[in-house]
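Biologist: I would like to learn how to read the features of a two-chain model. Could we go through them one at a time?
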Amino acid sequence: MAAVYKSLSKSDKKDEDKPAGGKKNKQRVLILSSRGVTYRHRHLMNDLYSLLPHSRKDAKLDTKTKLYQLNELAELYNCNNVFFFEARKGKDLYAWMSKAPNGPTVKMHLQNLHTMEELHFTGNCLKGSRPILSFDAAFDKQPHLRVIKELFLHIFAVPKGARKVKPFADHVMGFTIADGKIWIRCYQINETEPGKQKPSADGEMDVDQAPKKGKPDETNVSLVEIGPRLVLTPIVILESSFGGPVIYENKEFVSPNQVRADLRLAKAGRYNRRSEQGLERKVKRGDLGLNTEGGRKKPKDALDDKVLFA
Amino acid sequence: MTKSKLLSALDKYKGRDIKLEKQRKAEKEARKRKRAGKEVEEDNGKDDEAGGVKLNRPKEEKRNGIEGKKGGKANGVRKGADDEAQWETDEDESEDEGDSEAGVIDTSRLNDTDSSSSEEDEEEEQDEDEDIPLSDIESLASEDKGDILPYQRLTINNTTALLSALHRIQLPISSMPFSEHQSLTTAAPTSILDVEDDLSRELAFYAQSLATVNEARALLKKEGVPFSRPADYFAEMVKSDEHMGKIKQKLIDAAAGKKAAADARRQRDLKKFGKQVQVAKLQERDKAKRETLEKINLLKRKRQGAELTTTHEPDLFDVSLEDSAAAKPSRSDRKDGRPNPKRQKKNEKFGFGGKKRFAKSGDAISSADMRDFSVKRMRGGAGKRLGKSRRAKKV
């Protein structure tokens, strides 16, 4: 069906591409993870892979330290973007986004992830259709967010000429900044005409080149969530791809390890405080001369009972 | 310490909070010690055992001091070394991210996030970088702080490098047709009052996406790009049929569950109410029965007793049933002084006065009474005795 549509719509596509001229948007994304991902991380990766027709999946990367190997890997697969998931301790997931040959790279902490499978949303979209990306205006406010936005644009916006791509825009991906984090949502676009209940019939399809002037927006657009859901906290931006100087570091980010350690320490702190208090009390008693051993001795007084009645 | 004495004196003169200052200083020291300890350990690992105590954080020292007093000194040192090892692993975990990058950090590039990237106040910013905002520490309750040492990342925000990196990779979105990139940025930033409030947060996300879709739809239509999928365009979807079936089943199950729950509740209510209704109905029926029986009896009696029937009987039958039931003649009302017929019969049967013993015992007459005797039955020729119902039918 897709092939039929393509062949039908090829004629008018050609004369559209030409006048645009200029640079063509050519992106390919390498999606892979490190070792030690859980099943949820893996499912999330699969979800993203199914949403991005211009992506390529690869086997888990063996190393967690020599990430520069990813550059060679990307070159091998003709990819100019790398979307790498690094799992730590079987629970923390970090997402790296990079422009492959020479950067920049963004490292983000991935939280609150819910895969399509566990969310049970009723939305659905064509596999391979191109999403509409919706960015929060806050992305343009700060330079590091602009870099991140650009990377999102390269990775999540499916280029027009990508392989396996299907026509029609039937889903939207929302990128919002709230609470210093980036929240990603994916919705299906549901069009209903006010008269009819069902999605508009093929007769009135938008295949027609000129939109009708009389009723510009008669149809009712609503969204149905598809999934997955995830929240990203930017940590670090490196100048080149998986290396180079740090050009941004998030001050507010606290690593999950630190959070866990602090929790543990807060629990352990009670003992330490008590033992400290014990020591303090001992010193105080010594200073007052109340201890039999150690501490400060009182100077002998000539009128002391012990001296008088010795 | 980068700050000179003069600077600190100046700060004091300005009236800074000494307590806060002290806390910051302690933090700084701890961090420095941590770093120093790491370096020393890398240099000579065997020094660890002898000088383990020296390398520790202040808290560690105190604890070791206690242990030293309590037990032997050697013991204390060994324990200290153990603790040291533990601490080191923690530090490794927390620092392993920044570790590799620490070497490449160029201090001249340090800028603060909040301030603009002008060059002149760079020195000041560096100083600020050394300071630690205490907001994180103070948010904790005092007893919860415990041993938590406030820790702080360096702020690196190299605006020029960021912008140059951006320009290097940036797509010329403005010169491209919209259908090429299909991305839009909202006019105003999405504002979410409370991020913890799921509903309002998701609503904000939804609104943002919806606004974008409406805009994008217009743009795409203007460019003549097909937007919505025709109903007869079938292709592979992101979620498989199996998955969608699962979702549908889930929805159906949820709806069925809801319906069943509502049904059960209604049934329960009905039951509660129905019981009362039933009881009331039964009582009413009983009452009605009793009343009709009473009326019938009354009428019967009136018929039997000739004296009573001498009065206009037909009237009694059809008109004044109620009246007759209501005006029930009491025993004392009887004029002739005789008891009612039933009583009479009973008196006859069971005797009223007179001898009551042996009334039912046999005597010569009764034993000579041969009316019930049957030869056939005595011989046993009658065959088997039939069942009760058939016997009843026969007679």
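**Reading the contact between the chains**

Modeller: Start with one pair: the side chains of Glu202(B) and Arg229(A) make a polar contact of 3.3 Å. A polar contact is a pair of N or O atoms within 3.5 Å; within protein, one must be able to donate a hydrogen and the other to accept it, and residues adjacent in sequence count only if both atoms are side-chain atoms. This is a predicted model, in which local features need pLDDT of at least 70 and side-chain atom pairs count only at pLDDT 80 or more, while totals for chains, interfaces and linings use all residues. Residues are numbered from 1 along each chain as its sequence is written, chains are lettered from A and ligands numbered from 1 in the order in which they are written, and side-chain values use heavy atoms, with hydrogens and water left out.

Biologist: Which residues does Glu202(B) touch, not counting residues up to four places away in sequence?

Modeller: Contact means heavy atoms within 4.5 Å. By that rule Glu202(B) touches Arg185(A), Tyr187(A), Glu225(A) and Arg229(A). With Arg185(A) there is also a polar contact between side chains, at 2.6 Å.

Biologist: Where does Glu202(B) lie, and does it count as buried or exposed?

Modeller: Helices (H or I, at least four residues) and strands (E, at least two) are DSSP runs, numbered from the N terminus. Glu202(B) lies in helix H11 (residues 198-223) of chain B. Buried means under 20% relative accessible area, exposed over 50%, and partly exposed in between (1.4 Å probe, protein chains only). Glu202(B) has 13% relative accessibility, so this residue counts as buried.

Biologist: What polar contacts does the side chain of Glu191(A) make?

Modeller: Glu191(A) is placed in strand E8 (residues 181-192) of chain A and is buried at 7% relative accessibility. Its side chain is in polar contact with the side chain of Arg217(B) at 2.3 Å and with that of Ser228(B) at 2.8 Å.

Biologist: How many salt bridges are there between chain A and chain B?

Modeller: A salt bridge is a side-chain nitrogen of Lys or Arg within 4 Å of a carboxyl oxygen of Asp or Glu. The count between chain A and chain B is 5. Lys127(A) forms a salt bridge with Glu236(B), with 3.5 Å between the closest N and O atoms. On the side of chain A that touches chain B, helix H6 (residues 256-287) of chain A gives the largest share, 12 residues.

Biologist: What area is buried between chain A and chain B?

Modeller: Buried area is the accessible area (1.4 Å probe) that two parts lose on being put together, summed over both. Here the value is about 9300 Å², and carbon and sulfur atoms give 57% of it. Phe168(A), Glu249(A) and Lys251(A) supply 7% of the area that chain A buries against chain B, more than any other three residues. The contact takes 106 residues from chain A and 93 residues from chain B.
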